[in-house]
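Here are my notes for you, written as numbered points. Have the model open while you read, and look for each item as it comes up.

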Amino acid sequence: AGAAAAAAAAGASEGRVKRGQAMGGALESSAVDVAQVVFIGLNTVIPLISDELLTFPKLCHQYFALLAHMLEAYPAKVAALPSDLFSTLMGTLEFGLKHANAEVARESLAALGAMGQFQHS
């Protein structure tokens, strides 16, 4: 049990979560790549995000906090995004850098800093 918990913790730290599914009386285990799930969601949401939507303070702050976290935690996955999605993502970060709210600008700068650090490491 201790080895299984350690393996699950190691997988979670890599952005993977083990989940068991009962199928036909047997327990089947599969790994879910959390980062991949979030990026699939972002792929759907980012094209819908407009400057007008980002005028809502709570949505704007949460959106840029999520981007900052994802770029800090998974820079390789961000660098591997399709070019159109990557360009849109960078465009929203540019918007965030110019934002009047200091916290939004800080989150955008943190996200871009993480990408810069990844490129130079």
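1. A word on ground rules. This is a predicted model, where local features need pLDDT of at least 70 and side-chain atom pairs count only at pLDDT 80 or more, while totals for chains, interfaces and linings use all residues. Residues are numbered from 1 along each chain as its sequence is written, and side-chain values use heavy atoms, leaving out hydrogens and water.

2. Now the overall layout. You'll find 6 helices and 2 strands, in the order α-β-β-α-α-α-α-α along the sequence. Helices (H or I, at least four residues) and strands (E, at least two) are DSSP runs, numbered from the N terminus.

3. Of the 121 residues in the protein, 26% are buried (under 20% relative accessible area). As for contacts (heavy atoms within 4.5 Å), take those with a separation of 6 or more: 54% of them join residues 24 or more positions apart.

4. Next, look at α5 (residues 83–97) and α6 (residues 102–119), which pack at about 135° with their axes 7 Å apart. Axes are lines fitted to C-alpha atoms over the stretch in contact, and angles run from 0 to 180 degrees between N-to-C directions. On the α5 side, the contact uses F86, M90, L93, G96 and L97, and α6 brings V104, A105, S108, L109, A111, L112 and M115. Sorted by class, that contact has 10 nonpolar, 2 polar and no charged residues. Nonpolar here means Ala, Val, Leu, Ile, Met, Phe, Trp, Tyr, Cys and Pro, charged means Asp, Glu, Lys and Arg, and the others, Gly among them, are polar.

5. Is S108 buried or exposed? This residue of helix α6 is buried, at a relative accessible area of 0%. Not counting residues up to four places away in sequence, S108 touches F64, L93, G96 and L97.

6. Finally, helix α2 (residues 34–45) packs on helix α3 (residues 57–73) at about 135°, with the axes 12 Å apart. That makes this pair oblique too. A35, V38, F39 and L42 of α2 meet L66, L67 and M70 of α3, giving 7 nonpolar residues, no polar and no charged.

Terms used:
Buried means under 20% relative accessible area, exposed over 50%, partly exposed in between (1.4 Å probe, protein chains only). Angles under 35 degrees count as roughly parallel, over 145 as roughly antiparallel, 65 to 115 as roughly perpendicular and the rest as oblique.
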